[in-house]
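Reader: I am new to reading salt bridges. Please take me through them step by step.

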Amino acid sequence: MAKVLILGGGFGGVIAAERLAEQLGIEHQITLVSRSRQFVFYPALVRLAFGKAEQADVSFDLRHTLLNRRINFIEAEVVHVDPSERTVTIGHGEVEGKLPYDYLVFALGRRLATERITGFYEHAHHLLNVDKAIRFGKAVKKFHEGRAVFGQCVGARLPVPVYESALALARGLEESGERERARITVVSPTTLEAELGDVAAAATLKKALDKHQIEFLPNLSIESLTQDSAITKSREAIDFDLLMLVPPFRGSSAASYLEITNDEGYINVNSTMRVAGHERIYAVGDCVNFSGPKMGHMAVRQAEIAATNLAAEIDGREPVLRYEHEMKFVIDEIGTDSLYLHKDLSKDEPATVKQGRFWSWAKRVHEKYWELSHS
Ligand SMILES: Cc1cc2nc3c(=O)[nH]c(=O)nc-3n(C[C@H](O)[C@H](O)[C@H](O)COP(=O)(O)OP(=O)(O)OC[C@H]3O[C@@H](n4cnc5c(N)ncnc54)[C@H](O)[C@@H]3O)c2cc1C
């Protein structure tokens, strides 16, 4: 009998646990530890903020879903991992102490390094959890004139909600007849091409931004914030009345002392998703060291690969399935112009870019599918 411990109850952890339960015999024990029993469907948080989804639509209770699939769930904080002892220390939860494991899967997501931007906590909105998205939504409701600024900080790896939010605000103000009274700006530390990883996709998105009179300011690294101004590295001040920023990301602190991470704390893995230099440990999702944005579909694919390889390893077979790094996303909230992009990040080839209302619908269907298949 093998004890498999999965750390983290997001896209990566849940899919790894489910695929392992499908592939391993009932004699093996699968346990998932996460600090919250709530699974959050992050891609729906923009719609939550803009009043197009309810809180109940964007999260669900994990415990029953996992138990139905014979996966034990423990609600607790991962405090310490000891690969030499093969234990994980957990605290602040329903169970505290050391959990032994034979195989481990890291799926702890990313850390929001808000401390790297002076004044972030006091002056910026973000929407990277349910509470913050609701708070940002309340500020959006009060915004009727002035300047709204959206953007990513250096090290943030999530362009989609930035553009969706700017477009959703523009469309909302157009509908209420207030668009002329507001200026909407998107600020990027790089260029649109670099953020989307593709020239054609950048041109398509720029056209959508222009259509809604959203200005785009490239190559501006925000370093600090005051109550009404974002100060860039080159000492420019960008005034705002409403600000939504994606803060810098870093890897999970639970892995930072294990000498398995790069400088930003992301876990180094090989293409089988096994942690470099470590037997019996896999890592998936936002916590791993891969180029480009951090996306849910990547976490899901990596979890499928890790689960299949881990099951093979337990069975005494070689882990042979390889992860191929690709990027897919839909930028919604453009109405009939919603944008779909698919790019193989291992090749220097142009992305597939498509546009139309269908992609908006497809994103919702995907959200519903997740909800129905996990609640
Ligand atoms: C607003 C927004 C919009 C997005 N839109 C898209 C999109 O359109 N398309 C797309 O593909 N992706 C999108 N993403 C990105 C996607 O949500 C992430 O890439 C995905 O959630 C990563 O999954 P994960 O399992 O690696 O990490 P997470 O989903 O972050 O899960 C990590 C889990 O670990 C738990 N955890 C962390 N630390 C500890 C600890 N010390 N102890 C115990 N538990 C811990 C957390 O509670 C959480 O359950 C979006 C994200 C946001 C925030």
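Author: Start with exposure. Buried means under 20% relative accessible area, exposed means over 50%, and partly exposed lies in between (1.4 Å probe, protein chains only). This is a predicted model: local features need pLDDT of at least 70, side-chain atom pairs count only at pLDDT 80 or more, and totals for chains, interfaces and linings use all residues. Residues are numbered from 1 along each chain as its sequence is written, and side-chain values use heavy atoms, leaving out hydrogens and water.

Reader: What is a salt bridge?

Author: Side chains of opposite charge can pair when their charged atoms come close. The rule asks for a side-chain nitrogen of Lys or Arg within 4 Å of a carboxyl oxygen of Asp or Glu. By this rule the count is 23 salt bridges.

Reader: Is Glu264 buried, partly exposed or exposed?

Author: Glu264 is partly exposed, because its relative accessibility is 30%. Glu264 forms a salt bridge with Arg250, at 3.9 Å from N to O. Arg250 counts as buried, because its relative accessibility is 13%.

Reader: Which residue pairs with Glu215?

Author: Arg147 does, with the closest N and O atoms 3.2 Å apart. Glu215 sits in strand S13 and Arg147 in strand S11, so the bridge ties together parts 68 residues apart in sequence. Strands are DSSP runs of E, at least two residues long; helices are runs of H or I, at least four; both are numbered from the N terminus.

Reader: Which residues are linked in a network of salt bridges?

Author: Arg19, Glu22, Arg301 and Glu304 are.
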